[in-house]
Amino acid sequence: MSDLSYDEILEKEVREVNRKKKMWRWLFLSSVAFLVSWILFPIYLLVVNSLSSADVINGFPKNFWPAFDMESLHFFVNYYGVLGALKNSLIAALFTMVIAIGLGTPAGYALARFDFRGKETFRMLILLTRAFPMPLLALPLAVIFINVGLDDSLFGLSLVHTALALPFSVLITSSLFLGIPVELEEAAWVLGCNRWQAFMKVVMPLALPGLTASAVFAFVISWNEVFAAAVLTVNNQTLTAFLVQSLSTSPVEVKFAGGLILILPAILFLFVVRKYLFSMWGIANR
Amino acid sequence: MTTITVENIKKSFGDADILKSVSLDIKDQEFTVLLGPSGCGKSTLLRIIAGLETQDSGTIKIGDRVVSHLPPRERNVAMVFQNYAVFPHMTVFENIAFGLRMKKAPEKKIKENVERTAALMHIDHLLKRYSGQLSGGQRQRVAVARALAVEPDVLLMDEPLSNLDALLRLQMRAELKSVLEASKTTTVYVTHDQVEAMSLADRIAVMNSGRIDQYDFPDEIYNNPATEYVGSFIGNPPMNFISPDFQVGTVPNGAFQLGIRPEDFHISKEQRDNYWPITVLTREKLGSHQQLSAELNGQLFRVNIPNEIEIESGNTLYLMPKEDKKRWYTEGGKIIL
């Protein structure tokens, strides 16, 4: 065989490989585009529609470009009860955040640093708390809350939300602490710290960004929760509970405005903490 | 600057007996190396001296003070870790100052000590950096400076050089030796590297699955290994152990094996009285000398010979162990003195 024909064969193979590579790349990119639009397109529609006037929303053809008409948003914010519900949502979420971090951090530290009997069972039990659907728990909880006088209180509600958020706080903080080498703590002990001082001077500063992320996560879980809020609060309704009850009877443009205001904190949160979430889930993003 | 007394320390994790009644007497200003393969308990012993682990039984004394049940912070020890454990959120200065700040030393003394130890470890130009901006060798220096800055009674080092690359390790080893000699601090140093142990130690404690087989000066460890284990752990290649079922001169009572170092043979190319005929299996040229793997009556052993002797694989060579270098071991592996 001559050199020329050998070259030709080689070239053909290279072309074939390139073609396959291109095909896979195209497939990969189109699936990424599909998945991204799966999430983003509804959000985009929500934004466009809540920034459009009622006539545009109900008219045809549909508008795909925001008109920056603030009327629906304005109406929604001034709607009676919205601001109070917003305040209640904030308070319940802050309570939840504080309790979930206050309880979750020590539990996460214990899971990361100590070997104790039943550690794996404990880890399983933490996850199991998420196995019971809220509709199943809400009614008995309401009865109990009425009996102990916690009914229709934001504190009672945030206790329920803490139960929802706690598994995440515990598991997230424990993986945070696992990521901090125990030698750093030991070095601090040898250099004169007791356990508490070593935790505050060495572990805490290193875990702080992650702890913040897990705190915001607890906040958002409470902010987004509808069912328990709707069942357990009557006069002190949170925003979600309020919306569930009043939006069903509202015109469509107000529904859009309410929806936008509801998802905004979650989206902001994801932008703020995505770095920590990624590192927590082992995705390198640097 | 003090002594360390380790008395009958026992420790087990679950079913595994990590330390089986270990005792050590470390003199003031002495540099003791705990040497052994991984899993022999050397790191556990060091961590028990530091107070990071608690012994099941036994006593640790630093000076005259029984510290067995004191937490690490009350033992006035300093420790250098294998992975350096430099605090990533503090500058080099704050790292070195950490121990002194915990002891509430006056600011002036902190500054003095930090600058002195940093200069000693040649990192005085890095004081404002964070550990992320340092190389492995520089982090190691910070860790040593941080330990020395608190002026501890006892300095504990857990394989401090094993994460450095080979060349840097040699350089740091020499530097550590001079720094620690000058600081006059009683030091316990853990390593699995026999060369490191031989070059640094005043005395070496060779550990073998939870016991100390021999605690002695490096020359003694090399020349008179107390057990077969020590002989085969120290030396590269290790000591040869040969059953005396052929002519080796007088054999003492109870002797089971002859221990002889590869360099301790009379060598001849011709047959002589009392010389063993050996078959050369392989020859390796090592620059300063050649190393032979050889065989006699089915027993394999190693011999170091000078470069001048020309020999090929398959040839026969005649050897006689030097009389004053012969060491005899019992069936249990103990030396017969």
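What you are looking at is a predicted model, and its overall scores are an ipTM of 0.85 and a pTM of 0.79. For chain B the pLDDT averages 89, and 98% of the residues score at least 70.

Let me start with chain B, which holds eight helices and 19 strands. Taken along the principal axes, its C-alpha atoms fill a box of roughly 75 × 45 × 35 Å, and of the 337 residues in chain B, 39% are buried. If we take the contacts in chain B between residues at least 6 apart in sequence, 64% of them join residues that are at least 24 apart.

Now please find the open sheet of four strands in chain B, where the order is β2-β1-β4-β5 and the pairing is antiparallel. Which strands of chain B stand at the edges of this sheet? They are β2, residues 16-26, and β5, residues 65-66, and because each has a single partner strand, one side of each is left without a neighbour in the sheet. Strand β4 of chain B, which covers residues 57-62, is joined to β5(B) by two bridges, with the two strands running antiparallel, and here B:I62 stands opposite B:R65. Packed on this sheet is helix α1 of chain B, residues 42-50, which touches β1 (4-13), β2 and β4 of chain B, and whose direction makes about 120 degrees with that of β1(B).

Further along chain B there is strand β17, residues 316-321, which is worth looking at face by face. In a regular strand the side chains alternate between the two faces of the sheet. In β17(B), the covered face carries B:L317, B:L319 and B:P321, whereas the uncovered face carries B:T316, B:Y318 and B:M320. Strand β13 of chain B, residues 265-268, pairs with β17(B) in the antiparallel sense over four bridges, and B:I267 has B:L319 as its bridge partner there. Strand β14 of chain B, residues 276-285, also pairs with β17(B) in the antiparallel sense over four bridges, and in this case B:P277 is the bridge partner of B:Y318.

Turning to chain A, we find it divided into domain 1, residues 3-58, and domain 2, residues 81-249, and the centres of these domains, taken over C-alpha atoms, are separated by 39 Å. One element to pick out is helix α6 of chain A, residues 134-148, which has 15 residues and, at 1.5 Å a residue, should span 21 Å; its end C-alpha atoms are 20 Å apart, which agrees. How many of the residues in α6(A) are buried? The count is one among its 15 residues, and the helix is hardly covered. After α6(A) comes A:G149, whose phi is positive, near 80 degrees.

Finally, where do the chains meet? In this model, 14 residues of chain A are in contact with 19 residues of chain B. On the side of chain A that touches chain B, the elements giving two or more residues are α8 (182-190) and α9 (195-224) of chain A, and it is α8(A) that gives the most, with six residues.

How values were computed. Residues numbered from 1 in each chain as written. Chains lettered and ligands numbered in written order. Pairing = 2+ DSSP bridges. Contact = placed C-beta atoms within 7 Å. Axes fitted to C-alpha atoms, helices over the stretch in contact; angles between N-to-C directions. pLDDT = per-residue confidence, 0-100. Expected span 1.5 Å × (residues − 1). Buried ≥ 20, exposed ≤ 12 C-beta atoms within 10 Å, placed from the backbone. Domains from an automatic or database assignment.
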